[in-house]
Amino acid sequence: MTEHITKQTKTAKLVGVKGMNDILPPDSAQWEWLEERVRSLMARYAYRPVRLPIVEPTALFVRGLGEVTDIVEKEMYSFEDRLNGEQLTLRPEGTAGLVRAVVEHNLLYEGGRRLYYMGPMFRHERPQRGRYRQFHQIGAEVLGFGGPEVDAELILLASDLWQQLGLRDVRLELNSLGQPEERKAHRAALIAHFEQHADLLDEDARRRLHSNPLRILDTKNPAMAPVVESAPQLLDFLGEASLAHFTAVRDILEANGIAYRINPRLVRGMDYYNLTVFEFITESLGAQGTICGGGRYDYLVEQVGGKPAPAVGWALGVERVLELVKEQGEALAAPVPDVYAIIPDAAALPQAVRTLQMLRAAGLTAQMHAGSGDGMGSMKSQFKKADASGAAHALVFGADELARGEVSIKCLRDGQGAQRSERLDQLAQWALSLQSN
Ligand code: ATP
Ligand code: MG
């Protein structure tokens with residue numbers, strides 16, 4: 001019996017975890033393209049990269065994001081490390097870990113920091129279009145500066161990115177959550193409102209009514225829309241300082257031609273936010289239309305055990321942004337090699353490989369034909385592969401030509417297959433002429 005099971009499990013096809021995707025060619029080229037654009041844009045705004053662990057202590061997220069949030073209540077991959085009993089969690093978002101690192105390494109000692117990260121996040125949600133269990137975020141965070149100008153800078157940075165990616169129809173929604181003191185009065189009004197309409201609340205909302213009523217505003221349940229629409233608005237509870245901060249952000253955005261809509265019900269999903277919150281939303285992706293969200297979180301550094309310091313940031317969902325790029329952005333050309341090396345006889349391999357190395361050093365992309373293990377294959381099949389590779393030129397390393405110190409170059413894309421010989425010692429020159437075209 002056991003033997004039988006072992007045999008079966010050995011041969012059964014293993015598949016990946018549900019909701020966790022492999023990113024393969026040709027899509028993976030799009031990912032790199034996006035990452036490169038982000039890196040160069042971040043550098044232009046003087047943001048510096050950080051690379052942080054994927055696993056953090058569970059307590060960091062419980063404390064940081066808030067106990068009564070979707071993420072902490074239902075979405076975290078938490079587990080005990082069997083080897084030492086530590087309670088750990090696969091990070092569901094990047095901000096808490098970044099703040100933990102900033103505090104741990106005292107990064108604010110000499111002043112504020114502008115940082116960014118990219119990487120996988122994990123949430124146990126129901127997989128669907130634009131919603132996965134392993135997904136990827138790119139995040140930008142500014143710590144140590146409390147003024148509205150950095151809120152605006154982050155929004156400008158994101159808008160700049162949409163432009164770089166060729167995205168249209170991305171709208172910005174803006175709100176202010178004020179300060180904890182202001183939220184207290186709003187909270188009481190909110191509870192009174194929802195109590196009055198208790199019959200309209202779903203189970204989540206009823207449970208959160210007294211523990212975290214603000215979260216009810218972030219519901220995804222369309223049946224609750226009317227009772228959320230009519231709820232008291234936080235903006236009406238803001239004091240002078242909070243309103244001034246909000247106005248200053250808006251003034252900078254307006255002066256820079258950034259259109260936005262104020263959405264008084266925008267609260268975001270985590271407890272750590274205060275003052276400015278925002279989301280970038282598109283109508284082109286169906287229900288999962290929020291491609292980027294962020295805001296100020298002036299109390300998180302202190303909550304994680306650091307000396308109090310203001311902070312603000314955003315995170316975008318890479319899968320959603322790339323889907324939008326596919327729909328709206330410039331079409332990305334699939335990468336193709338400049339040359340494909342055809343090697344009629346294995347005896348020519350040492351010389352052919354040396355030549356390819358020289359061409360790569362000169363900046364060309366070169367793909368070598370590889371055999372199946374018993375020789376290089378027929379010329380016909382090699383030319384077929386050369387064609388399929390999309391290469392502009394085939395280099396044919398025939399024995400006779402090599403003996404003369406030459407290689408034959410066949411143009412694969414002029415429709416005529418023009419072929420000529422070139423001296424090996426002139427090939428670097430030829431490579432240069434290709435690149436200057
Ligand atoms: P949503 O309301 O769609 O659940 P969220 O408010 O939970 O999003 P955030 O925590 O603000 O999302 O994360 C920032 C961005 O990360 C989102 O705007 C979205 O683009 C992306 N994102 C969040 N969760 C997922 C997921 N499960 N799969 C893919 N992308 C996601
Ligand atoms: Mg969510």
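**Entry 1: a tryptophan and its neighbours**

I started at tryptophan 314. Leaving out residues up to four places away in sequence, I found that Trp314 touches Met42, Ile138, Gly139, Ala140, Glu141, Leu154, Leu157, Ala158, Phe278, Cys292, Gly293 and Gly294. I keep in mind that this is a predicted model.

Next I looked up the largest nonpolar core, which has 89 residues. Which of its residues touch the most other members? They are Trp162 and Trp314. Helix α6, residues 148-164, gives the most to this core, with nine residues. I also noted a second, separate core of 19 residues. Among its members are Ala341, Leu359, Ala366 and Leu427. In soluble globular proteins, nonpolar side chains tend to be buried together.

**Entry 2: helix α14**

I checked the length of α14, which runs over residues 349-361. At 1.5 Å a residue, its 13 residues should span 18 Å. The end C-alpha atoms are 18 Å apart, so the two agree.

Then I asked which residues of α14 are buried. I found Ala352, Thr355, Leu356 and Leu359. They cover an arc of only 100° around the axis, so they sit on the same side of α14. The face turned away from that buried side carries the exposed residues Pro350, Arg354 and Ala361.

**Entry 3: around ligand 1**

I counted 16 residues around ligand 1. Which come nearest? They are Arg123, Glu125, Arg131, Lys220 and Arg268.

I looked at some distances to oxygen atoms of the ligand. A polar side-chain atom of Arg123 lies 2.8 Å from one. For Arg131, an N or O atom of the side chain is 2.8 Å from an oxygen atom of ligand 1. Isoleucine 291 uses its backbone: a polar atom there is 3.4 Å from a ligand oxygen.

**Entry 4: glutamate 195**

I found Glu195 in helix α7, residues 180-196. Is it buried, exposed or partly exposed? Its relative accessibility is 43%, so Glu195 counts as partly exposed. Not counting residues up to four places away in sequence, Glu195 touches Leu209 and His210. Glu195 and His210 are 15 residues apart in sequence. Their C-alpha atoms are 9.7 Å apart in space.

How values were computed
Residues numbered from 1 in each chain as written. Chains lettered and ligands numbered in written order. Predicted model: local features only at pLDDT ≥ 70, side-chain atom pairs only at ≥ 80, totals over all residues. Heavy atoms only, no water. Helix = DSSP H or I, 4+ residues; strand = E, 2+ residues; numbered from the N terminus. Expected span 1.5 Å × (residues − 1). Buried < 20%, exposed > 50% of the residue type's maximum accessible area, 1.4 Å probe, protein only. Arc of directions from axis to C-beta. Core = buried A, V, L, I, M, F, W, Y, C linked by side-chain atoms within 4.5 Å. Contact = heavy atoms within 4.5 Å. Near = heavy atom within 4 Å. Polar contact = N/O pair within 3.5 Å; in protein donor to acceptor, adjacent residues only side chain to side chain.
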